[in-house]
Amino acid sequence: MNIFKFFIVTFIFSVAIHSATIRGVDNSDILNLINSQISNWKNFTKDSISAKFKITRDKYEIKKILNSFGYFDVKIKTSFEKGKVIFDINPNERYKFDEILLIYIDQREYRSGLKIGQVFDLINIDYDTYTDTKQLTDAKDKIIDYLKKQGFAFVSIKDPKIEIDSKNKKIKAIYEITLNGKTIIDDTIINIKSKKGPELLKPFVKNRISWKNGDIFDQQKLDELKGDLMSSGIFSGISINLSPPKFLNNDLKISHTTINIDIEEGLLRDVAAGVKYGSSEKAGVLFSWKHYNIDGKGSGLTVLADIAKVSRNVRTKYEVYDLFYKKQKLTNQVFYLKEDVDSYNVSKIGLKSILWQNFGQKFNLGAGVCGEKSKTKNKINSEQIRFKAFGIPMGMNFDTTENFLDPQKGIRCSAMLTPYFGNLTNITVFSGKASVYFPFKKNSMVFAAYSKFGSIFRNKKHKIPRDKFFFSGGANSIRGYGYQKAGPVNNSKIPLGGESVFEFGLEPRFKVNDNIGLIAFWEGGNVFSTRVPNPLKKLLFGYGVGVRYYTPLGPIRLDLAFPTSRRKTTEGKKIDSLFNIYISIGQAF
């Protein structure tokens, strides 16, 4: 009896299926997806009902996966070899996108104005490329966003129908869209939870609403309002909802709605601290304290401190919103700076007041007054200059990026022109910087580039305090060179600075996962003794690599940078370090 049981158990295990093998699929993404979806083949016998059921199920899942990647003529054979189930797959030819149609069910006469190529561009699919039907499903949201920006607040779309052209190996995707009428805004209701009284903050919110009653709905305007309010730092939560659509006089082409904005004020005070390190600047401590909505109308008070071995910088900033007109901001600053670097040391106090006016969502112009008093020692010739001056700063900002510390796409430009009128000199200082950001591979890679330009205009008889000169090199400049070292130096390796500056940089940024990123960079530039930079003269170049650790506050960066060539003094001493290391918060630009 025991011998009989032994042979029965041996027979069962000899025909048991312990694993599955996939043949005929070379694409690792598809193969991994198949392996994650098919059955667990352990402990199932070859001729059991459950095994036959699993084979049928797995063949269906494999076909569905391959169909989603554009393989619609899939052939699958199964066999059993040495305790394994074998799926022999012949995917055959892969189909390509041929046409994408938008059909409006309730308004067949409506035309979106999109041509075939524009539809492909809208949903980010290339014409006549291999099919991935998951892209077609994901594209629903992009089409909905587009139509909401055209005024159809209650648009809905079914999953696309796929028509297969087996002869030409093409597919056509058809989206059936219900527009539910172009939407008119009848009213906007604002509800605010605030410790200082909601009525005080209502004008702040109303001044940022870019629509009025009777306007056609535009989803982009709602998104911009939400971003504008959240960027102020005053609010912890914003919810914008629409009342159900109403159709008057049975006119299904026009719907009416009310926008309800529910806002909750956030914490009134915020404290942040951090550290930074540069091998040429040494360690530093960063500190900020901010009181939001200090007057109940949105105004904020901020104290910023940047304390390092070479510099101590403390600023107090008070911002007043909507002073004379909506979307205005008056920025008042008082600052103290003490800096001791290779080229000079300076002690400075000053104040600056600029009134900024917002034009649209992204563009700002500003003008104001400033004044400062400083004592500067030139370490090259030991000359001391006591400088007292007032100025008229004028500036502009243009920013389409979505994140200040870690921009993923868009353009960022800024420029400032300040004429100074002082006891020793009348000078005009101009500086400008532009950055662009291009996302690739669904934002897993971003290509960033920047350029900087600066110039000082003066009568040659007038002196310029050393701290007003332009310098390059350091954590947010040409990183291959030490702080203020990317420019001419004397035999004592003291930076000379210049009356103009030109810089540029290129930086591809790769995101390994949600927390880790890698970057490479190449930068160049120089400072010049002339009023206008001359990039045709010799430029200094640096390169390097870095790691980013992404946090809710912004990326923590670690950069290792090298100069392309290490300069020497006339005595043969090395001017530049072999490499420079930087640790800080936020991207370099």
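This is a predicted model: local features need pLDDT of at least 70, side-chain atom pairs count only at pLDDT 80 or more; totals for chains, interfaces and linings use all residues.
Two packed helices are described by the angle between their axes and the distance between the axes. Helix H2, residues 28-37, packs against helix H3, residues 49-68, at an angle of about 150 degrees, and the two axes are 10 Å apart. Angles over 145 degrees count as roughly antiparallel, so H2 is roughly antiparallel to H3. The crossing of these two helices is right-handed. On the H2 side, the residues in contact are Ile30, Leu33, Ile34 and Gln37, and they meet Arg57, Glu61, Ile62, Ile65 and Leu66 of H3. Sorted by class, this contact between H2 and H3 has 6 nonpolar, 1 polar and 2 charged residues.

Strands of a sheet pair through backbone hydrogen bonds, either parallel or antiparallel. Here, 3 strands form an open sheet with mixed pairing, in the order S10-S12-S11. Strand S10 (182-193) and strand S11 (235-242) are the edge strands, each pairing on one side only. From one strand to the next, the twist averages 15 degrees. S11 and strand S12 (residues 254-265) run antiparallel and are joined by 7 bridges. Within this pairing, Phe235 stands opposite Glu265 of S12.

Which helices lie across these strands? Helix H6, residues 198-206, lies across S10, S11 and S12, and runs at about 145 degrees to S10. Helix H7, residues 219-231, lies across S11 and S12, running at about 165 degrees to S11.

Finally, two residues deserve a look at their backbone. Asn249, in the loop between S11 and S12, has a phi near 55 degrees, a positive value in a residue other than glycine. Is Asn249 buried or exposed? Its relative accessible area is 77%, and values over 50% count as exposed, so Asn249 is exposed. Gln484 also is not a glycine, yet it has a positive phi of about 65 degrees. Gln484 is found in the loop between strand S24 (445-458) and strand S25 (500-511). The relative accessibility of Gln484 is 8%, and the cut-off for buried is under 20%, so Gln484 counts as buried. Both residues thus sit in loops and have a positive phi, but Asn249 is exposed, whereas Gln484 is buried.

Technical notes: Residues are numbered from 1 along each chain as its sequence is written. Side-chain values use heavy atoms; hydrogens and water are left out. Axes are lines fitted to C-alpha atoms, for helices over the stretch in contact, and angles run from 0 to 180 degrees between N-to-C directions. Helices (H or I, at least four residues) and strands (E, at least two) are DSSP runs, numbered from the N terminus. Angles under 35 degrees count as roughly parallel, over 145 as roughly antiparallel, 65 to 115 as roughly perpendicular and the rest as oblique. A crossing is left-handed if the near helix is turned anticlockwise from the far one by less than a right angle, and right-handed if clockwise. Contact means heavy atoms within 4.5 Å. Ala, Val, Leu, Ile, Met, Phe, Trp, Tyr, Cys and Pro count as nonpolar, Asp, Glu, Lys and Arg as charged, and the others, Gly among them, as polar. Two strands pair if DSSP finds at least two bridges between them. Buried means under 20% relative accessible area, exposed over 50%, partly exposed in between (1.4 Å probe, protein chains only).
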